Amino acid sequence: MTSRGPGKRVRKTPVERRHEIVTTAARIGLTEGLECITLRRVAEELGVQSGLVGHYFPAADKLVAEAFTSATMTELDGLLPEWPARPGTTGAEDGAEDGAEDGAEDGAEDGAEDPGGGAARGPLGALRRFFGLISSDDFDDVSRLWLNARHLSRYRPVLREHVVEQELLWCRRIERVVAAGVETADFRCGDPWAAAVRILVAIDGTSAYINTSEEHRAGPLTGVARAVAETELGLPAGALEAAAG
């Protein structure tokens, strides 16, 4: 009978190792802030030499940018799985798709078939679920990440490119659901792309107060983004509020 030595490690492929590095960096950025992502810190988390991380990411700014994309794409796929493209959607945002997919392309395909949050719910159900999730405390870290990234992107061109790509991709994801809802007569909206942009701006606007104490922001800001979406989509007040239970 043979056995493996206790300290022996399985050698990872370059693709696996790179994915591991980005995923680890994304977790650090999401929970502690993008400024905490350094080659040394990621190496410590993985139990490897910092030179190994530097081999895949000679510039830390590139790792920070990809970590941001990985974290935000993972969250988006959980919040609002990819919707099949509709003939009526615009092409204004398509340029963001290829760049964003480098960090998290697999999640979008899986989300499209997810009966828990995708097309099986219908456009109205998908948006109710979406607004229910972003109004929970679990979304706070994502809000902080976006606020953090937008600030840093002023000084980091590589990160700025990723932030712009993700903004367009999130808008595109919302637009497709809106366009689907217009086709099924769930929504009344003449320009799904413009509606998606305004909905995302409302979400980001309220998220900008994420670092303000909860007692000052929770009450006045509760449901603001949802109310904007209801107006944009020709829905009565409360139509996008998740059903109790």
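In the predicted model, 43% of the 245 residues of the protein chain count as buried. The accessible surface of the chain amounts to about 12800 Å², and carbon and sulfur atoms contribute 51% of this area. The secondary structure comprises 11 helices and 0 strands, so that the order of elements from the N terminus reads α-α-α-α-α-α-α-α-α-α-α. Among contacts in the protein chain with a separation of 6 or more, 72% are accounted for by residues 24 or more positions apart.

Aromatic pairing was examined next. A pair of aromatic rings is described by the distance of the centres and the angle of the planes. The structure holds 3 aromatic pairs. In one of them, the ring centres of Phe 130 and Phe 131 are separated by 5.2 Å, and because the planes stand at 75°, over the 60 degrees required, the pair is classed as edge-to-face. Both partners lie under the 20% limit for burial: Phe 130 counts as buried because its relative accessibility is 1%, and Phe 131 is likewise buried, with a relative accessible area of 5%.

A further edge-to-face pair is formed by Trp 146 and Trp 170. Here the distance from centre to centre is 5.7 Å, and the angle between the planes is 85°. This pair links distant parts of the chain, its members being 24 residues apart. Trp 146 belongs to helix H7, which spans residues 140-152, whereas Trp 170 belongs to helix H8, which spans residues 157-183. With a relative accessible area of 6%, Trp 146 is buried; Trp 170, at 3% relative accessibility, also counts as buried.

The side chain of Glu 232 makes a polar contact with the side chain of Arg 198, at a distance of 2.8 Å. When neighbours within four places in sequence are set aside, the residues in contact with Glu 232 are Arg 188, Cys 189, Ala 195, Arg 198 and Ile 199.

How values were computed
Residues are numbered from 1 along each chain as its sequence is written. This is a predicted model: local features need pLDDT of at least 70, side-chain atom pairs count only at pLDDT 80 or more; totals for chains, interfaces and linings use all residues. Side-chain values use heavy atoms; hydrogens and water are left out. A polar contact is a pair of N or O atoms within 3.5 Å; within protein, one must be able to donate a hydrogen and the other to accept it, and residues adjacent in sequence count only if both atoms are side-chain atoms. Contact means heavy atoms within 4.5 Å. Rings of Phe, Tyr and Trp (its six-membered ring) pair if their centres lie within 6.5 Å; planes under 30 degrees apart count as stacked, over 60 as edge-to-face and the rest as tilted. Buried means under 20% relative accessible area, exposed over 50%, partly exposed in between (1.4 Å probe, protein chains only). Helices (H or I, at least four residues) and strands (E, at least two) are DSSP runs, numbered from the N terminus. Accessible areas come from the Shrake-Rupley method with a 1.4 Å probe; for residues, only the protein chains shown count as cover.
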